[in-house]
Amino acid sequence: MWQDFVFLGGSIVIMLSLVPTLRDEDASVPLRTSLPSVVVLFAQTIAFATIGLTASAVGTGMGFVLWTLIAKRKSPVRERRPSTAGSLRGVISILAR
């Protein structure tokens, strides 16, 4: 089926466009952007695999992996204060306030 390879080609182009985001140390991609992409690509991978479009399933599966990496590594993380619960230093710092 030629359509299988058209979908694969599109997936490869999209994946190549995501690589710079993964390599950029300053890149920041909100979870509201990446998580829907992860969910949709996972569903498409399963759908393509179940109807026999193997190349398409591989392409969207790789896109799923890239978006998962972006979601994990490039989403802005709020700076958290270190937990002081249970440590003697933490108890002393709380009492000293």
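**The packing of α1 and α3**

Author: Helices α1 and α3 cross in a left-handed way; that is, the near helix is turned anticlockwise from the far one by less than a right angle, while clockwise would be right-handed. The model is predicted, and local features need pLDDT of at least 70, side-chain atom pairs count only at pLDDT 80 or more, and totals for chains, interfaces and linings use all residues. Residues are numbered from 1 along each chain as its sequence is written, and side-chain values use heavy atoms, without hydrogens and water.

First, the setting. The protein chain has 4 helices and 0 strands (DSSP runs numbered from the N terminus: helices are H or I with at least four residues, strands are E with at least two). Along the sequence the pattern is α-α-α-α.

Two packed helices are described by the angle between their axes and the distance between the axes. For α1 (residues 2-23) and α3 (residues 54-74), the angle is about 15° and the axes lie 8 Å apart. That makes α1 roughly parallel to α3, a label for angles under 35 degrees; over 145 is roughly antiparallel, 65 to 115 roughly perpendicular, and the rest oblique. The axes are lines fitted to C-alpha atoms, for helices over the stretch in contact, and the angles run from 0 to 180 degrees between N-to-C directions.

Contact means heavy atoms within 4.5 Å. On the α1 side the residues that meet α3 include F7, M15 and L18, and on the α3 side they include L66, W67 and I70. By class, this contact has 12 nonpolar, 8 polar and 2 charged residues (Ala, Val, Leu, Ile, Met, Phe, Trp, Tyr, Cys and Pro are nonpolar; Asp, Glu, Lys and Arg are charged; the others, Gly among them, are polar).

W67, in helix α3, deserves a separate look. W67 is buried, because its relative accessible area is 14% (buried is under 20%, exposed over 50%, partly exposed in between, with a 1.4 Å probe and protein chains only). Beyond residues up to four places away in sequence, W67 touches L18, V29, T33, S34, S37, V38 and L41.

W67 also belongs to the largest nonpolar core, with M15, L18, V29, V38, L41, L66 and I70, 8 residues in all. Such a core is a set of buried Ala, Val, Leu, Ile, Met, Phe, Trp, Tyr and Cys residues joined through side-chain atoms within 4.5 Å. The largest share of this core, 3 residues, comes from α3.
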